[in-house]
Amino acid sequence: MGDTMISLRHVAKRFPGTRTPAVRDLSLDVDRGETVVLVGPSGCGKTTTMKMINRLIEPTSGTIEVDGTDVMAQDPVRLRRGMGYVIQSIGLMPHRTVAQNIATVPRLEGWDDARIDRRVRELAATLRLDEELLDRYPAELSGGQRQRVGVARALAVDPPVMLMDEPFAAVDPIVRAVLQDQFLDIQRRLRKTIVFVTHDIDEAIKMADRIAILNLGGVLEQHAPPEEILREPANAFVEEFVGAERGLKRLALIKVSEIDVDEGPVVSPEDDAEKARALIRDGGFGWVSVLEDGELLGWVDEAMLEGKARVSDATPRRFSAYVTAEDSLRQALDSIVTSRTNVAVVVTEGQRYRGILTLERVSREIVS
Amino acid sequence: MSFWNWEWVGTHLDLIGEKLGEHLWLTLLAVGFGLVVSFPLAILAHRRARTYPAITWVTGLLYTIPSLALFALLVPFTGLSTLTAEIGLVSYTLLILIRNAVTGLGGTPEDVKEAARAMGYSERGVLWRVELPLALPVIVAGIRIATVTTIGLVTVTALIGKGGLGALMLGGFRRLYPQIAILVGVALSVALAVAADRVLLWAQRALTPWARRTRSVTAT
Ligand SMILES: Nc1ncnc2c1ncn2[C@@H]1O[C@H](COP(=O)(O)OP(=O)(O)O)[C@@H](O)[C@H]1O
Ligand SMILES: [Mg+2]
């Protein structure tokens, strides 16, 4: 990582017959294996920028290099076969079956039938497309299935670069979330260099290694990882574009494992009930966790300890919800506000107790 | 002798078959040449939109000349020949064939073409592998109209000594044949038109299975 795969230098595009340029002067780098999401208001030049990379649109001035070679010095047909391309409307060929659509680029590249067949099945599996769909025509598929076919087609010859223009915008929010998760999963394995366009800041936050926020005329307002954009918006435009709930969105990006958790009031079953009562009174929670050799048994309060000599005489109640180190602070926050105990209990595999998160602790991360 | 002179029909099956064959042949030639002439013009109009008005103007003009007048104009140059008949017949197919082909070729959704280019199709590949197959239903619809129209027009060429089944009709009017020849000519040319239309429809369905199979869609 760290080496540049796609590099735009002072790129401008003025469409014939228009007064203002669609893209004025854009310089941007995309590292190898990185997902850069171009995000910005409608008409700011995201699509134009993306299409200049595979020369569907040719820049008026400036240079674009892919893997160190100027795209204008390459044959556009060869250039494009090395780049997967997914658009909102997908553009599947209505007269070809799903299998034939997925096989589009391998066929153009002259692969033999057996190899094509193997590759199509492999991609169908990767994108969780039923094999029985392979003989259907695009008109016989649901929106979500069509998007999967579009992604499979783009991945067919395993191109190092993927260009994706609002690829999941046409499907309903539930299907979209599933497609996003699946694509993230695929990308974790394949490590493509991806330029992903969206107008949806939440999708950008979810999909991006780095986000490039564009203003009208393709003006780059900020280019940074999502967490940094949420923490330190470069200017008023970015702040407004990122929108309300900036703090909450940031919490969704921070894992519980990344912050220190509070120890919380803890007793062991062998302890005197009196010690537990003292902790309950002074700890400020109204209850205390019961741990046996680091394993969380549950919690007890004063009523449950009534007339008991030892903690082990009472039956601890299980916490209704836990969070793990892999969960986000946003999930922890949800757990805090919905639990009766007003904390999120953090455990690792096998119910090993790590500590607790309180509203105060999580709030500190929002402002920091 | 009554109108229903079945005896004449029975003894002249050879003649009737010959005229039917001629009718079919004149039609096939006309539609075949019509396709040969119209296809490059349609491609040109599709590729260079500015040429389309001129092309429709000329073919539209040909289409509006009354067929009798056109044949009369041609006879001094090409005589009472098959060539004269075909020049006229082909002229009448052009407008329909070109118009349908241009409409069909222009009907490919923009996103499909863009995706095809982005996959690495050349411009020529987009035309032959994407636009043309997708235009087939509309192109074949044009061929069906042109064919049915031509089958009707062939009868007119009887006036210049051709005419297929039209010769039977004309012979009937001129009392060369009994009047039932008119009925036989009309009935067979209608039957031929219907049959040709069915065959072409069947061919179109066989060529474009994707255009029909649009099942209701299931969940993701
Ligand atoms: N082919 C074109 N001809 C003229 N203007 C165009 C063309 N394509 C895009 N534009 C203009 O360029 C600007 C940027 O468009 P686009 O890149 O599609 O924006 P975005 O994808 O961010 O919504 C818009 O003002 C749009 O109207
Ligand atoms: Mg766009």
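Between chain B and chain A of this predicted model, the count of salt bridges is one. That salt bridge joins the side chain of B:Glu114 to the side chain of A:Lys51, with a distance of 3.0 Å from N to O.

**What chain B brings to the interface**

- Helix H6 (110-119) and helix H7 (123-154) of chain B each supply at least two residues of the side of chain B that touches chain A.
- Of these elements, H6(B) gives the largest share of the side that touches chain A, namely eight residues.

**Extent of the interface**

- In terms of residues, 24 from chain B are in contact with 32 from chain A.
- In terms of area, chain B and chain A bury about 2500 Å² between them, and 60% of this buried area lies on carbon and sulfur atoms.

**A nonpolar patch on the surface of chain B**

- Four residues, B:Phe3, B:Trp4, B:Trp6 and B:Leu183, form a nonpolar patch on the surface, and together they have about 440 Å² of accessible area.
- One of the patch residues, B:Trp4, is found in the segment that comes before helix H1 (6-11) of chain B.

Definitions and conventions. Residues numbered from 1 in each chain as written. Chains lettered and ligands numbered in written order. Predicted model: local features only at pLDDT ≥ 70, side-chain atom pairs only at ≥ 80, totals over all residues. Heavy atoms only, no water. Patch = residues over 30% accessible without salt bridge, like charges linked within 9 Å, V, L, I, M, F, W, Y side chains within 5 Å. Areas by Shrake-Rupley, 256 points an atom, 1.4 Å probe, with all protein chains shown as cover. Helix = DSSP H or I, 4+ residues; strand = E, 2+ residues; numbered from the N terminus. Contact = heavy atoms within 4.5 Å. Buried area = accessible area lost by both parts, 1.4 Å probe.
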